[in-house]
Amino acid sequence: MAAAVRPRRRLRPRRPRCPRRPCRPRRPGRTGLTPCSDSGEPARRTSVRPGSAPRGPLPVLVSGFGPKAAELAGRIGDGFVTMSPDADLVGAFRDGGGAGTKVVGGVKVCWRGNREKAVDVVHRLWPTEPLPGEPAQILPTRAHVEQAGELVTRDTVADAVTCGDEVEKHLKTVRAYARAGFDEVYVGQIGPDQEMFFDAYRELVLPALQR
């Protein structure tokens with residue numbers, strides 16, 4: 001005895017809908033959809049054009065935190081990026097073939113009128129900053145990074161990160177990169193006082209560095 005089998009219908013995948021309202025069609029003459037701010041799906045666009053594409057190949061700066069990575073950056077890169085003001089790493093990069101190219105550094109600070117509160121901000125928001133070596137780069141998940149941050153004490157943060165509003169301390173931090181042979185250094189503010197940080201560096205720190 002044979003059983004009758006109904007042919008399966010071919011199901012078409014449905015596009016996810018915006019949870020609040022549908023995306024609006026674009027103006028006549030253009031294709032695609034206007035993105036909906038309430039939708040988690042990026043809207044399709046076919047009329048986007050690059051504003052100003054650079055001419056020629058883009059320079060590729062290679063990041064590294066040890067001597068082998070610095071030497072490799074010198075051989076294959078158009079520049080070198082590292083976070084600590086280490087003159088030995090800069091030398092390894094130059095000796096590896098990076099002479100005449102750019103060395104870029106980065107450092108985080110917390111500019112705030114009350115130094116103790118600045119230390120608290122860094123310890124709460126960015127406790128992994130004082131970790132040496134590569135843990136912050138190789139730890140696979142956020143949970144691992146948080147566990148590593150639990151090992152960092154408040155006193156370690158106070159010793160390792162420039163906190164407060166003493167201009168001389170910030171100057172010392174930035175000048176360490178210049179002494180190590182860096183061409184550029186990017187300073188980032190930890191915490192919410194971003195405007196205060198930019199005002200202080202524009203009016204106090206940068207003028208002193210140019211003297």
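Good morning, colleagues. The structure before you is a predicted model, and I shall therefore begin with confidence. The chain averages a pLDDT of 82, and 74% of the residues score at least 70.

I turn next to the largest pocket. Its volume is about 670 Å³. The lining comprises 26 residues, and those nearest the centre of the pocket are M83, S84, E129, L131 and Y177. Which elements give two or more residues to this lining? They are strand β3, at 102-110, and the helices α4, at 135-138, α6, at 154-160, and α7. By class, the lining of this pocket holds 14 nonpolar, eight polar and four charged residues.

Y177, one of the residues nearest the pocket centre, brings me to the aromatic pairs. The structure holds five of them. Y177 pairs with F182 in an edge-to-face arrangement, with 5.1 Å from centre to centre and 80 degrees between the planes. Both Y177 and F182 are buried.

A second pair is formed by F197 and Y201. How are these two rings arranged? Their centres are 4.8 Å apart and their planes stand at 45 degrees, so the pair counts as tilted; edge-to-face would require an angle over 60 degrees. Both residues belong to helix α8, which spans residues 194-209, and they are four residues apart, about one turn of the helix. F197 and Y201 are both buried. Ring pairs also join F197 and Y201 with W111 and F198 into a cluster.

Finally, let me consider H170, which lies in helix α7, residues 167-179. Is H170 buried or exposed? Its relative accessible area is 0%, and H170 is therefore buried. What does H170 touch, once its neighbours within four places in sequence are left aside? The contacts are V109, W111, T162, G164, Y201 and V205.

Thank you for your attention.

Key. Residues are numbered from 1 along each chain as its sequence is written. This is a predicted model: local features need pLDDT of at least 70, side-chain atom pairs count only at pLDDT 80 or more; totals for chains, interfaces and linings use all residues. Side-chain values use heavy atoms; hydrogens and water are left out. Buried means under 20% relative accessible area, exposed over 50%, partly exposed in between (1.4 Å probe, protein chains only). Contact means heavy atoms within 4.5 Å. On a 1 Å grid over the protein atoms alone, a cavity is a set of points where a 1.4 Å probe fits but cannot get out, and a pocket is an open set with protein on both sides within 12 Å along at least five of seven lines; lining residues have an atom within 4 Å of a point. Grid points are joined across faces, edges and corners, and a volume is the space filled by probe spheres set on the points. Ala, Val, Leu, Ile, Met, Phe, Trp, Tyr, Cys and Pro count as nonpolar, Asp, Glu, Lys and Arg as charged, and the others, Gly among them, as polar. pLDDT is the predictor's confidence in each residue, from 0 to 100. Rings of Phe, Tyr and Trp (its six-membered ring) pair if their centres lie within 6.5 Å; planes under 30 degrees apart count as stacked, over 60 as edge-to-face and the rest as tilted.
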